[in-house]
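I opened this notebook to record what I looked up in one structure. The entries go from the whole chain to single residues.

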Amino acid sequence: QVQLVESGGGLVQAGGSLRLSCAASGRAFSNYAMGWFRQAPGLERAFVAGISRSGGSSHIINSVKGRFTISRDNAKNTVYLQMNNLKPEDTAVYYCVASDRGDWLRPDYWGQGTQVTVSS
């Protein structure tokens with residue numbers, strides 16, 4: 001089992017930046033592939049970014065590529081999502097996820113979510 005706690009969300013103007021953090025506790029953090037999903041109002045949760053157990057490989061969806069970066073610090077049991085040049089369409093609840101099978105698209109664990117609101 002792993003527990004995930006997100007932080008760093010908030011209200012920002014378009015063009016601004018936020019860095020989301022997700023602190024993990026429980027089993028060894030490096031055993032998990034990690035990722036971020038988001039859920040915009042009226043829409044289903046959707047994958048945003050994933051990173052491998054070692055951090056050596058990652059994937060970002062096209063709509064945020066060049067603006068968002070996922071990273072992890074296994075010594076701090078934390079995964080990050082750096083979000084730059086934010087747009088109103090990035091407004092959503094952002095969820096940190098973990099997979100002990102290494103599949104960030106089909107996570108086994110979810111955080112409680114953190115709200116990101118981008119004003120125009």
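The entries below concern the fold as a whole and then two residues.

**Entry 1: the model.** I note at the outset that this is a predicted model.

**Entry 2: secondary structure.** I looked up the helices and strands and found 0 helices and 11 strands in the protein. Read along the sequence, the order of elements is β-β-β-β-β-β-β-β-β-β-β. I then looked up the radius of gyration, which is 13 Å and close to the 14 Å that the globule rule gives for 120 residues, so the protein is as compact as a globular protein of that length.

**Entry 3: extent and surface.** Along the principal axes, the C-alpha atoms fill a box of roughly 40 × 25 × 20 Å. I recorded that 46% of the 120 residues are buried.

**Entry 4: contacts and charges.** I considered contacts between residues at least 6 apart in sequence; 56% of them join residues at least 24 apart. I also looked up the charges: there are 12 positive and 8 negative ones, and their mean positions are 4 Å apart.

**Entry 5: Thr114.** I turned to Thr114 and found it in strand S11, which spans residues 114-119. Is Thr114 buried or exposed? Its relative accessibility is 11%, and because the cut-off for buried is under 20%, Thr114 counts as buried. Leaving out residues up to four places away in sequence, I listed what Thr114 touches: Glu6, Ser7, Gly8, Gly9, Leu20, Ala92, Val93 and Tyr94. For Gly9 I noted a further detail, namely that its backbone nitrogen lies 3.3 Å from a polar atom of the Thr114 side chain.

**Entry 6: Gln82.** I next looked up Gln82, which lies in strand S8, residues 78-83. At 26% relative accessibility, Gln82 counts as partly exposed. Which residues does Gln82 touch, not counting those up to four places away in sequence? I found Ser17, Leu18, Arg19, Arg67, Phe68 and Thr69. The side chain of Gln82 also makes a polar contact with the side chain of Asn84, at 2.9 Å. Finally, I checked Gln82 against Leu20: the two are 62 residues apart along the chain, and their C-alpha atoms are separated by 6.4 Å.

**Entry 7: a link between the entries.**

Conventions
Residues are numbered from 1 along each chain as its sequence is written. This is a predicted model: local features need pLDDT of at least 70, side-chain atom pairs count only at pLDDT 80 or more; totals for chains, interfaces and linings use all residues. Side-chain values use heavy atoms; hydrogens and water are left out. Helices (H or I, at least four residues) and strands (E, at least two) are DSSP runs, numbered from the N terminus. Buried means under 20% relative accessible area, exposed over 50%, partly exposed in between (1.4 Å probe, protein chains only). A polar contact is a pair of N or O atoms within 3.5 Å; within protein, one must be able to donate a hydrogen and the other to accept it, and residues adjacent in sequence count only if both atoms are side-chain atoms. Contact means heavy atoms within 4.5 Å. The radius of gyration is taken over C-alpha atoms; the globule rule is 2.2 Å times the number of residues to the power 0.38. Lys and Arg count as positive and Asp and Glu as negative; His and the chain ends are not counted. The place of a charge is taken as NZ of Lys, CZ of Arg, CG of Asp or CD of Glu.
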